Amino acid sequence: MATVVYIDGENLFHAISDVLINKKVIKHRNDLIKFDMAWFINEAAGEQPDTIRYYGTRLKLVRSEPYLKVKSLSMIKHKRAWGSVLQSQGIDLITAGTLKVRDGIKCRKCGHQESIFQEKGVDVRLAIDMVTDALNHKAERTILISSDTDLLSALQRIHGAGVRTVYVAYSKNVNSAMTVVADETLTFSDEVVLEAYKRAEKHE
């Protein structure tokens with residue numbers, strides 16, 4: 001039985017980086033450039049899958065405003081380093097969609113409003129791959145690591161096709177709608193995140 005793990009990269013990255021920031025292991029998200037993701041997936045999913053796919057945004061340099069250029073360049077550099085870490089562990093790195101620039105929230109005191117980045121299209125590619133693999137019998141067991149409700153309909157479609165579905169989420173951010181659709185729900189704790197980070201440090 002082929003087991004395929006589909007990871008919503010931005011969703012998971014924010015979860016694990018927030019844990020490490022709250023535990024004062026790192027100061028900023030971009031400080032996270034080492035992590036034993038393969039071990040983490042095995043622990044979170046409760047098994048060693050046949051394939052692990054990590055979905056992220058296709059980045060490009062934004063030149064419209066100086067601070068956006070600096071920020072996008074920093075994101076590109078980090079993504080390359082993070083991608084290398086994942087690929088070195090045998091994880092398939094899949095880039096899709098685009099990074100859009102939109103207006104941020106205005107400051108209530110001064111009224112200043114900065115543009116911010118927003119991912120678009122990654123969840124669409126992930127959903128399409130999940131459904132296509134299931135219908136073509138390339139995945140007989142689908143493990144989804146994401147709490148994004150945009151992926152709920154894809155999970156329903158796969159479940160309806162008779163493919164066993166497993167929803168994996170951070171223990172403090174479980175999506176109840178996903179738990180209803182999935183055959184099984186698994187969670188990962190702060191301790192597992194910390195251990196995956198420590199294991200990466202030991203391997204340096």
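Predicted model: local features only at pLDDT ≥ 70, side-chain atom pairs only at ≥ 80, totals over all residues.
I started at Asn 175, and found this residue in the loop that runs from strand 7 (164-170) to helix 6 (176-181).

Is Asn 175 buried or exposed? I get 14% relative accessibility, and the cut-off for buried is under 20%, so Asn 175 goes down as buried. Next I listed its contacts, skipping neighbours within four places in sequence: Ser 147, Thr 149 and Tyr 167 came up.

Then I jumped to Asp 8, which sits in strand 1 (residues 3-8). Its relative accessible area is 8%, so Asp 8 is buried.

Which residues does Asp 8 touch, not counting those up to four places away in sequence? My list reads Tyr 55, Leu 126, Ile 145, Ser 146, Asp 148 and Leu 151. I also checked a C-alpha pair: Asp 8 and Tyr 54 are 46 residues apart along the chain, yet 6.5 Å separates their C-alpha atoms.

I count six strands in an open sheet with parallel pairing, and the order is 3-2-1-6-7-8. Strand 3 (92-96) and strand 8 (184-188) are the edges, each pairing on one side only. From one strand to the next, I get an average twist of 20°.

I zoomed in on strand 2 (residues 51-57) and strand 3: they run parallel, and five bridges join them. Across from Arg 53 I found Asp 92 of strand 3.

Definitions and conventions:
Residues numbered from 1 in each chain as written. Heavy atoms only, no water. Helix = DSSP H or I, 4+ residues; strand = E, 2+ residues; numbered from the N terminus. Buried < 20%, exposed > 50% of the residue type's maximum accessible area, 1.4 Å probe, protein only. Contact = heavy atoms within 4.5 Å. Pairing = 2+ DSSP bridges. Axes fitted to C-alpha atoms, helices over the stretch in contact; angles between N-to-C directions.
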